[in-house]
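I opened this entry to keep track of what I looked up, in the order I looked it up. The structure comes first, then the notes.

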Amino acid sequence: YQRKKILVLGAGYAGLSTVTKLQKLLSVQDADITLINKNEYHYESTWLHETAAGSMNWEDGVYPIAKVLDNMKVRFVPAEVTKINRDEKTVETTQGTFDFDTLVVSLGFESESFGIEGMDDYAETIVNPQTAVRARETIEKNFINYKTSKDKNDLSILVGGAGFTGVEFLGELVETLPVLCKTHGIDYNDVKITCVEAMPSMLPMFSDELTQYAVDFLEARGVEFMLGNPIVAANDKGFVVKINDVETQLEGSSVIWTAGVRGSRLMEESFEGVKRGRIITKPDLTIEGYPHIYAIGDVAAVMNGTGENARPYPTTAQIAMQLGEHTAKNIKLTLNGEKTEPFTYDDKGTVCSLGSGDGIGVVYGREIKGKSAAFMKKVIDTRAVLKIGGLALGVTKGKFL
Ligand code: NAD
């Protein structure tokens, strides 16, 4: 009898939830569990906009992966995955090749610029701690530069996209930039923050009333929205935007692209039928033809509904954690020789923060805004830490202490 080899790729919300649930469900004799992740730490990707705006040090949004693992049951290998050989049942990494009986692919997301000219070269992104820190440093460097250049563009910040990331980032910026201005003796009225969105409306998942609340909040603090204007290029001056079909140059020294994400590029190289790094999964979260390979989190398109009406669930931390726990349960069922179960999503709601003290959201079907939304956001952020790391981690990384 040989212990089954379970290999989990990626320690984001999906991968870490899988492993922490597996170590609860399985005994040492049941399986040989290996977790592979590029960094030795897990980062809270839902807090990155805070780092990018300067309201949180990046170190405060990360914790060592080893801290949440039971090292009797799980082996952690810090390495970068370079290739998945689905038929050979092996995974190549910078630390050697690993074989598996069961594979969980949870490699997360990257920035997607949709081939827009100059975007990868000229815009900052908010996709991992390094890029978030760079975004913050760029803004700060340009503000400092303004003191000698007196070039108004050094105080002009262009944000591409008014999705969740864009709006939450703007919410932090209007809180941190007045402080940055004070530090450097700059008048906040000279700062220009422009958010460019391709669609004629924003945050379609919220009611018009809630969206308007967010727009009013941000506009009152100096943000200018340009809706219905797709960005078609980025260059050393800023964004090129289509206004009434005419290409127009927007100028700003700080340019941040929050308008696109995709699943890991390794997905296209490893599987068929992958779109924007996401593969459609079966209801039990395995992929077609490979009942021992699970795809979860941002690399997966988990369908809600059946047939023509089926739509993928959005890629959020909440769903990623539920996918991870469900995967662990299905792996346990398979080890017991039982049938896997289909995933069902328990939607607890969504909150979009507007800085540390405000926000909008829908929680258990009820609309909330203002302070109660900001409070709920802290509950959600702390819950994610508690769910994966338990009380000990909640005390150090939660948002209430
Ligand atoms: P997104 O894809 O959801 O939003 C991107 C926005 O950019 C869209 O509004 C899109 O219309 C716009 N856009 C795309 N191309 C453009 C162009 N060329 N010019 C101008 N605008 C353009 O990306 P996101 O906000 O990073 O979110 C990614 C995922 O993470 C989503 O599923 C989201 O729900 C989730 N998320 C959730 C939260 C939360 O729950 N609080 C926070 C952040 C992200």
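**Model and record.** I am working with a predicted model. I checked UniProt first: an unreviewed entry there places the feature "domain: FAD/NAD(P)-binding" at residues 5-322. I then looked at that span in the model and found 28% helix and 32% strand.

**Domains.** I looked up the domain assignment next. It divides the protein chain into domain 1 (4-111 + 262-346) and domain 2 (119-259). I took their centres over C-alpha atoms and got a separation of 32 Å. For the contacts between them, I have 15 residues of domain 1 against 18 residues of domain 2. On the domain 1 side, α2 (48-53) and β10 (109-111) each supply at least two of the touching residues. I noted α2 as the source of the largest share, with six residues. By class, I list that side of domain 1 as seven nonpolar, six polar and two charged residues.

**Ligand shell.** Which residues come nearest to the ligand? I find G161, G163, F164, T165 and A259 nearest, out of 26 residues around the ligand. I sorted the shell by class and got 13 nonpolar, eleven polar and two charged residues. Domain 1 and domain 2 each contribute at least three residues to the shell. I then went through the elements: α5 (164-184), β13 (192-197) and β26 (349-353) each give at least two shell residues. The biggest contribution is from α5, with four residues.

**Five-stranded sheet.** I followed β13 into its sheet. This is an open sheet of five strands in the order β11-β18-β12-β13-β14, and the pairing is parallel. The edges are β11 (124-125) and β14 (223-227); each has a single partner strand, so one side of each has no neighbour in the sheet. I checked the pairing of β12 (residues 156-160) with β13 and found five bridges between these parallel strands. One of the pairs I wrote down is S156, whose bridge partner in β13 is K192. I came back to α5 here: the helix lies across β12, β13 and β14, and runs at about 175° to β13.

**Hairpin β6-β7.** I looked at this one for its turn. Strand β6 (residues 81-85) and strand β7 (residues 90-93) run antiparallel and are joined by four bridges. Together β6 and β7 form a hairpin with four residues between them. I found a positive phi of about 60° at K89 in the turn.

**Three-stranded sheet.** My last stop was an open sheet of three strands, ordered β15-β16-β17 with antiparallel pairing. Its edge strands are β15 (231-235) and β17 (246-251), each pairing on one side only. Ignoring direction, neighbouring strands of this sheet are turned by 25° against each other on average. I counted four bridges between β15 and strand β16 (residues 238-243), which run antiparallel. The pair I recorded there is A234 with F239 of β16.

Conventions
Residues are numbered from 1 along each chain as its sequence is written. This is a predicted model: local features need pLDDT of at least 70, side-chain atom pairs count only at pLDDT 80 or more; totals for chains, interfaces and linings use all residues. UniProt positions are given in the numbering used here, feature names are shortened, and annotations may be inferred rather than shown by experiment. A residue is near a molecule or strand if its C-beta atom, placed from the backbone, lies within 6 Å of it. Ala, Val, Leu, Ile, Met, Phe, Trp, Tyr, Cys and Pro count as nonpolar, Asp, Glu, Lys and Arg as charged, and the others, Gly among them, as polar. Domain bounds come from an automatic or database domain assignment. Two strands pair if DSSP finds at least two bridges between them. Two residues are in contact if their C-beta atoms, placed from the backbone, lie within 7 Å. Axes are lines fitted to C-alpha atoms, for helices over the stretch in contact, and angles run from 0 to 180 degrees between N-to-C directions.
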